[in-house]
Amino acid sequence: MKHVVASLKSGNWKALLACFLYFDTGFTTWVMFGPLAPFIAKQLSLSPTQSGFLVAVPVLTASIVRVTFGNLFQSVHGRRLALLGISLSAIPSFVLLLPIVPTYPMLLVLGGFLGVGGASFAIALPMAGSSYPPRVQGLVLGLAAAGNIGAVVDGFLFPTLAQHLGWQRATAAALPLLALTAVTIILWAEDRSAKSGSGARAFAGFAVSLIAVIALVLLVNAGVFGHGKTGLLLLPVLGSLVALAVLPRKYLAVLAERDTWVIMLVYSITFGGFVGMSSYVSLLLTTQYQLTKVDAGLFMAALSFTGAMIRPVGGFIADRLSGVKVLLVLLVAISLCNFTFAMLMPPLMGGIALLAALYFCFGLGNGATFQLVPHRWVGKIGVMTGIIGAAGGIGGFYLPVVMGIARESTGSYQLGFAVFGGLAALAFVLVGTLQRQWLAWALPRNIELRIDAPIAQAE
């Protein structure tokens, strides 16, 4: 405990708190459709695939937009970007308060703006890290990213309000939270990172990526890229190509590195699992176990709380042992939990236990993954946060989509769990293969040497 307090005192804890709140409320708006999906699906008579796509759109938008948002952070002060993100993610709540009956395409568009809340990841983490020394980045980034506890607010708040006020009015609960965060950002937020490049060009890239992803979502829904499931599965690829097209070429160099792709796969499993399951678990519990919408929301809240609160612990443990060793254990556990669920399709309490174990591993894995990033990609933390976060979001998009397709096609979620179990096993093999090379820079003692070397040269 003394070590944690000392670590927090080594930087600006108020700035860290502001970043935490920004990510927390951003996450709350981001997965807002998740606990409301059972209400929306009933009113609009949505199929399982349509329901899965609806809750997946905000996740995908965030994954694409956070790449260009992270690029924008390289040239614009983080405080301004946080306020921009808060404003855009508030739009859906204002629109749904209007006396109109929303259509499915309209909700897909609003889901795109909710995705900007998830893109807060690309700003909150590097801005928080800029106020602290490298030796505590695992803990600090884990604390800032524990803002994904916002999913707990979703599970407790929105289903209950929707039960009494209707799901459209329930979305207004996000507005006072966003307003409070905006005030905190103005008063406390701090960004000490170096800036370079053209802010105007980077902003244009961000705007293009947001508009293009929303347009692609509508085109896929209209069947332009093929009817059935083809368009849904192609959407993340098309969106990623848009983001890559507007990024500066110098930042694309990291995509030529093998380590980048392995870390992206790992994060698509850990963070993608967390946000994807948080978006879909209410539908899973109401359809598989016939829970009420409110009870499903409460279980979602409890599961999300587990994953969010354990994330800083993952970063803290990784600071001591290295994220590589921690991830090897967690990827095996994630794979086993998924395959066990697929084979047994357990009753309610067994299912909740396996989901809780998954969330526990997701949280630890998220912290352990980002403990590695500042040490492997020195000086590129902004763009790498965006790119790796995008991979996490794409994983989070595919989870509800694949679950919905599995349910509609086979009448069971078995195939969905088996697919994600196989991906976790693949990630374990890749990290295990690279273990020796990664430990050369990831072990704590080697990290300290990397940090001290430039200082010694300067002196």
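Predicted model: local features only at pLDDT ≥ 70, side-chain atom pairs only at ≥ 80, totals over all residues.
Visitor: Why is serine 45 called exposed?

Guide: Exposed means over 50% relative accessible area. Serine 45 has 62% relative accessibility, so serine 45 counts as exposed. You will find this residue in the loop between helix H3 (33-44) and helix H4 (48-73).

Visitor: And what about serine 322, is that residue buried or exposed?

Guide: Buried means under 20%. Serine 322 comes out at 0% relative accessibility, so serine 322 counts as buried. Its place is the loop between helix H17 (293-321) and helix H18 (323-344). Serine 322 also has a positive phi of about 100 degrees, although it is not a glycine.

Visitor: What makes cysteine 361 buried?

Guide: Its relative accessibility is 7%. The cut-off for buried is under 20%, so cysteine 361 counts as buried.

Visitor: Let us turn to the rings. Why is the pair of phenylalanine 23 and phenylalanine 121 called edge-to-face?

Guide: This is one of the 19 aromatic pairs found in the whole structure. The two rings lie 5.5 Å centre to centre, with 65 degrees between the planes. Phenylalanine 23 lies in helix H2 (residues 13-30) and phenylalanine 121 in helix H8 (residues 121-129), so the pair ties together parts that are 98 residues apart in sequence.

Visitor: What makes the pair of tryptophan 30 and phenylalanine 271 stacked?

Guide: The angle decides that. Their planes are at 25 degrees and their centres 5.9 Å apart. Stacked means planes under 30 degrees apart, so this pair is stacked. Tryptophan 30 lies in helix H2 and phenylalanine 271 in helix H16 (residues 258-288), so parts 241 residues apart in sequence are tied together.

Visitor: How do you know that lysine 293 lies over the face of phenylalanine 39?

Guide: Lysine 293 is at 5.6 Å from the ring centre. The distance limit is within 6 Å, and the charge must also be within 35 degrees of the ring normal. Lysine 293 counts as lying over the face of phenylalanine 39. Arginine 376 likewise lies over the face of tryptophan 377, at 4.9 Å from the ring centre.

Conventions
Residues numbered from 1 in each chain as written. Heavy atoms only, no water. Helix = DSSP H or I, 4+ residues; strand = E, 2+ residues; numbered from the N terminus. Buried < 20%, exposed > 50% of the residue type's maximum accessible area, 1.4 Å probe, protein only. Phe/Tyr/Trp six-rings, centres within 6.5 Å; stacked < 30°, edge-to-face > 60°.
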